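Student: I have a protein model open and I would like to learn how to read it. Where do I begin?

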Amino acid sequence: MPQRPAPECEFTMRFTSTPRGARLARRLVSHRLNDWGHPYTTPANETLTLITAELCANAVRHGHVPGRDFHVQLTLDEDTFRIEVTDTRAEKRPPASPPAADSLSESGRGLLLVAALADDWGVTPRPAAPGKTVWAKLRVPTGGHLYAHPAAPRPTDSVSAYGHNTEPFPATSPRRRDDLVLRPDNASC
């Protein structure tokens, strides 16, 4: 099997399969994007952070196996970001195309958001272990602005569909990062 060339930038880390782990994954992806030159308020950072939040929430809700973590990998190769979220539950695979959500339901829209915002997404079996990887790709040209997504709605203000304020997270100071003792498995750029 031919090997893929190494990506330009890569961030990899394991998280506990809890809502707190999902929140931490989302924040660290946003911080990493900022470190890679895509500041918090840019469309690339906001879009990838939202996609990450949805994929991680699904891993916690639908892919949770007691005592098992989920894994996040963010890569940048040329002008394409790829976010992968891997869990250990193989039998709960998302559908190939997300079904239309019930308008009265409080959930069920995560993959619809991913499909609308990402340039491509899919599910692959986890290599050499039980589980699956749900991934999404987003192209960002060299200038840092997203390509147009005709199906993706653009927010008109900083209030999300859930009515929460979606102001970007402030940068975490280096001292704070050391206090958390967070060490990514692999973070390079």
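Predicted model: local features only at pLDDT ≥ 70, side-chain atom pairs only at ≥ 80, totals over all residues.

Student: Is Lys-132 buried or exposed?

Tutor: Check its relative accessibility against the cut-off. Buried means under 20%. Lys-132 has 3%, so Lys-132 counts as buried.

Student: Which side chain does the side chain of Lys-132 make a polar contact with?

Tutor: That of Asp-87, at 2.8 Å.

Student: Let me try another residue. Why does Thr-75 count as buried?

Tutor: Thr-75 counts as buried because its relative accessibility is 13%, and the cut-off is under 20%. Thr-75 lies in strand E2. Leaving out residues up to four places away in sequence, Thr-75 touches Pro-7, Cys-9, Glu-10, Thr-80, Phe-81 and Arg-82.

Student: Now the whole fold. How many helices and strands does the protein have?

Tutor: The protein has 4 helices and 6 strands. Read them in order from the N terminus: β-α-α-β-β-α-β-β-α-β. Of its 189 residues, 38% count as buried.

Student: How do I read a nonpolar core?

Tutor: Start with the general idea. In soluble globular proteins, nonpolar side chains tend to be buried together. Here, the largest nonpolar core has 34 residues. Leu-55, Phe-70 and Val-72 touch the most other members. Several elements each supply at least two residues of this core, including strand E1 (9-15), helix H1 (19-35) and strand E3 (80-87).

Student: Which element gives the most to this core?

Tutor: H2, with 7 residues.

Student: What does Leu-55 touch?

Tutor: Skip residues up to four places away in sequence. Then Leu-55 touches Ile-83, Val-85, Leu-111, Val-114, Val-134 and Ala-136.

Student: How do I describe two packed helices?

Tutor: Two packed helices are described by the angle between their axes and the distance between the axes. Take H2 and H3. Their axes come within 9 Å and cross at roughly 150°. The crossing is left-handed. Among the residues making the contact are Leu-50, Ile-51 and Leu-55 of H2, and Leu-111, Val-114 and Leu-117 of H3.

Student: What about contacts across the sequence?

Tutor: Consider contacts between residues at least 6 apart in sequence. Of these, 65% join residues at least 24 apart.

Student: And the surface?

Tutor: The protein exposes about 11400 Å². Carbon and sulfur atoms supply 53% of that area.

Definitions and conventions
Residues numbered from 1 in each chain as written. Heavy atoms only, no water. Buried < 20%, exposed > 50% of the residue type's maximum accessible area, 1.4 Å probe, protein only. Polar contact = N/O pair within 3.5 Å; in protein donor to acceptor, adjacent residues only side chain to side chain. Core = buried A, V, L, I, M, F, W, Y, C linked by side-chain atoms within 4.5 Å. Contact = heavy atoms within 4.5 Å. Areas by Shrake-Rupley, 256 points an atom, 1.4 Å probe, with all protein chains shown as cover. Axes fitted to C-alpha atoms, helices over the stretch in contact; angles between N-to-C directions. Left-handed = near helix turned anticlockwise from the far one by under 90°.
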